[in-house]
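My notes follow the structure.

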Amino acid sequence: KGLVKTYKINDFGKEFITSYFSDNQFFGYSSFAKNLPHFENSKAITATQIYKINKDEIKAIINNNHHIIFNFINLLAGNLIDVKELLPLLAYGSVRKKTAATLLLLLKKYPLKTENEITISRLNLANTIGIAKETLIRTLHDFKEENLINFTSKSIKILNKYRLQKIV
C-alpha cells in the first residue's frame, strides 16, 4: 500500500526515476530473475506498507503453483515492452515531446491521480523525464499558456489530452 518510486543515480549524483509502484504491485524482482544484486534504489513517496518476499519463498511459490510462472513472465514481458517503446523518445525526443509523453503516461499509469489531475512534485516529474527542474518548469509554463494543462505547486491537470498526444 502507498506509493514507491524506483530510481537510479548516475556518476554525477543525478537521480533518474525508473518507475512508480502502488497498491498490490511488485518491484525488485529483476534481481531475483537474473540472480544479481539490486541495481535500482527505491523510496516511499507516501506512507507505505511493503511486504518482502525472499528468494526461497518465491521459489517455493513457483514450485507449488506452476501457473504463477506465466504471470511472472507476463509481468516481465510487459515491462520490457514499455521500456522499449520509451527508448526512442528518451534518446531522440525534444523536451516538449518527452514532457508531453510522460504526462500522458503518468495520466494512464500513475497511482496518484484523479480526474485528469496528477499529484507529483516538480522534482520527481523532472527526474522521471530526465531533464532539469528549471527546464521542466519552462515547458510546463508553455503548456499552460497553450491551454494544454493547468498546475498548482503539487499537481498537474491535463486540460487537452488530444493536443498533448499530437505533440508526441
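I took a charge to sit over a ring if NZ of Lys or CZ of Arg is within 6 Å of the ring centre and within 35 degrees of the ring normal. The model is predicted, so I required pLDDT of at least 70 for local features and 80 or more for side-chain atom pairs, while totals for chains, interfaces and linings use all residues. Residues are numbered from 1 along each chain as its sequence is written, and side-chain values use heavy atoms, with hydrogens and water left out.

Rings. I found the charged end of Lys5 over the ring of Tyr7, 5.6 Å from its centre. Lys144 lies over the face of Phe151, 4.9 Å from the ring centre.

Helix H6. I read helices (H or I, at least four residues) and strands (E, at least two) as DSSP runs, numbered from the N terminus. H6 covers residues 133-145. I noted Leu136, Thr139, Leu140 and Phe143 of H6 as buried (under 20% relative accessible area; exposed is over 50%, partly exposed in between; 1.4 Å probe, protein chains only). Seen down the axis of H6, the buried residues fall within an arc of 100 degrees, so they line one face; the arc is that of the directions from the helix axis to the C-beta atoms. The face turned away from the buried side carries the exposed residues Glu134, Arg138 and Glu145.

Packing. The buried residues of H6 pack against H4, H5, S6, S7 and H7. Contact means heavy atoms within 4.5 Å. Just after H6, I found Asn147 with a positive phi of about 60 degrees.

Technical notes:
Expected span 1.5 Å × (residues − 1).
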